[in-house]
Amino acid sequence: MAHEDCLFCKIVKGEVPAEIVHEGERTLAFRDINPQAPTHVLIVPREHHPDAAAAAATGTGLLDRIISDAHEIAVAEGIAETGYRLVFNTGSGAGQTVFHLHGHLLGGRGLNWPPG
């Protein structure tokens, strides 16, 4: 289930180019075009869900898969040992600009708390 006007659905279908770093059966991961850390990768499901809450409501384990893939990518990127952050923005008030579930994997520098 893809949405015609969704940027991330278009990336998943190969219609919009992206620097792919990981391809899974249920997910695709690519570098953010506006990175906020030396490593900034977006992990998206191949199927369209508007946000993390909608995906969780399906009960299919999709968020587990995204988090597991994020760890695999962190290991491959060399940031698993020093630490990394996973962020899921839900809603425009939280900074979500593309309404297709995506997890941000951030690392490669110190990440302050509280976040912005």
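Okay, let's start with T39: at 6% relative accessibility it counts as buried, where buried means under 20% relative accessible area, exposed over 50% and partly exposed in between, with a 1.4 Å probe and protein chains only. Keep in mind that this is a predicted model, so local features need pLDDT of at least 70 and side-chain atom pairs count only at pLDDT 80 or more, while totals for chains, interfaces and linings use all residues. Residues are numbered from 1 along each chain as its sequence is written, and side-chain values use heavy atoms, with hydrogens and water left out.

T39 sits in strand β3, residues 39-45; helices here are DSSP runs of H or I with at least four residues, strands are E runs of at least two, numbered from the N terminus. Leaving aside residues up to four places away in sequence, T39 touches E77, I79, L105, L106 and G107, contact being heavy atoms within 4.5 Å.

Now the sheet. It's open, with five strands in the order β1-β2-β3-β5-β4 and antiparallel pairing; strands pair if DSSP finds at least two bridges between them. β1 (20-23) and β4 (84-87) are at the edges with a single partner strand each, so one side of each has no neighbour in the sheet. Between β3 and β5 (residues 103-107), which run antiparallel, there are five bridges, and H40 stands opposite L106 in β5.

Then helix α3, residues 62-77: it packs on the sheet, touching β1, β2, β3, β4 and β5, and its direction makes about 150° with that of β3. Those axes are lines fitted to C-alpha atoms, for helices over the stretch in contact, with angles from 0 to 180 degrees between N-to-C directions.
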